[in-house]
Amino acid sequence: MKPTIFTIFFLFFFNSAFASNLDALLWEAVRSDHFIVYYQEAPSGYVSKIIEAAEKYYKEITFELGFTRFEGFWTWDKRAKIYLFKNIDDYKHHSHQPAWSSAGVNVLNREITTYVGNEDFFENTLPHEMGHLIFREFVGYRRKLPLWLDEGIASYLEKRFTKERLVIVKILFSYGLFMDLDELEKVNIRNMIMPDLFYYESASIIDFLLGVYGKEKFFAFCNALKELPVYEDWRKALFGVYKIENAAQLNKEWIEFLKKKN
Ligand SMILES: [Zn+2]
């Protein structure tokens, strides 16, 4: 099993060099209700396969996260853009993403970049990156949140290795290697030691929140984050909506959920 989230680079903030670089290249474009796919060379049917998958995930993700009542996503000139380079070398050369990455996302510009032949794109990368875009589009870009929350939502939406992810988190817990909420919250892109384990645990909390409390509560939580003044602690939204006293109670409930879940 090769964990793919490790290969995804997440760019939250506007990067002008990156954007202008893409604009300077020549692209063909195909539009759907919520997406524009820009491409240069792709095998016959490849672009329509991407459009089809992206529209399908759009429906699934807004449903899974309980966002279906929110109508403001990506129509007309606000469509999300997928830039498809013709091969991995072109992607690495032009996208300004790290050499180890297989896709990138620019949340502020609603842009995903990848290349033709990215094996993981359809099952993992696309839902992962769309999760970032949809969540941030809803709660706002300025809200400072712990990395585990952004990555947890995105990783939860990936379609492969969901069983393996659960097994690994259970093993971590049984060997006392489990990071609780406070420890997860300290992890950022610079101090992350074991990225895969961090992503698995982050996804597991989202699995717990959705599995135990449901979509409506999750939507209410996201809405509370959106409404919360930016200077307020994000945990106010979490504990307020879920009626959870503190981190210790959340950890306890999360572990109970893990023990029962197969
Ligand atoms: Zn991510």
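Predicted model: local features only at pLDDT ≥ 70, side-chain atom pairs only at ≥ 80, totals over all residues.
Reader: Nice. Which residues of α5 are the buried ones?
Author: They are W148, L149, E151, G152, I153, A154, S155 and Y156.

Reader: And what do the buried residues of α5 pack against?
Author: Their partners are α4 (121–139), α7 (181–186) and α8.

Reader: Let's stay with α8. At what angle do the axes of α8 and α10 cross?
Author: Roughly 85°, with the axes of α8 (residues 195–227) and α10 (residues 247–260) coming within 10 Å. The two helices are therefore roughly perpendicular to each other.

Reader: Which residues meet there?
Author: From α8 you have S204, I205, F208, G211 and V212, and on the α10 side E253, W254, F257 and L258. By class, that contact has 6 nonpolar, 2 polar and 1 charged residues.

Reader: Great, switching to strands. How many residues of β4 are buried?
Author: For strand β4 (residues 80–85), 5 of the 6 residues are buried, so this strand too is largely enclosed by the rest of the structure.

Reader: Which way do β3 and β4 run, parallel or antiparallel?
Author: Parallel, with 5 bridges joining β3 (residues 35–39) to β4. As one example of the pairing, I36 stands opposite K81 in β4.

Reader: What about β4 and β6: how many bridges join them?
Author: There are 5 bridges between β4 and β6 (residues 111–115), and these strands run parallel.

Reader: And which residue in β6 is the bridge partner of I82?
Author: That would be I112.

Notes: Residues numbered from 1 in each chain as written. Buried ≥ 20, exposed ≤ 12 C-beta atoms within 10 Å, placed from the backbone. Helix = DSSP H or I, 4+ residues; strand = E, 2+ residues; numbered from the N terminus. Pairing = 2+ DSSP bridges. Axes fitted to C-alpha atoms, helices over the stretch in contact; angles between N-to-C directions. Parallel < 35°, antiparallel > 145°, perpendicular 65-115°, else oblique. Contact = placed C-beta atoms within 7 Å. Nonpolar A, V, L, I, M, F, W, Y, C, P; charged D, E, K, R; others polar.
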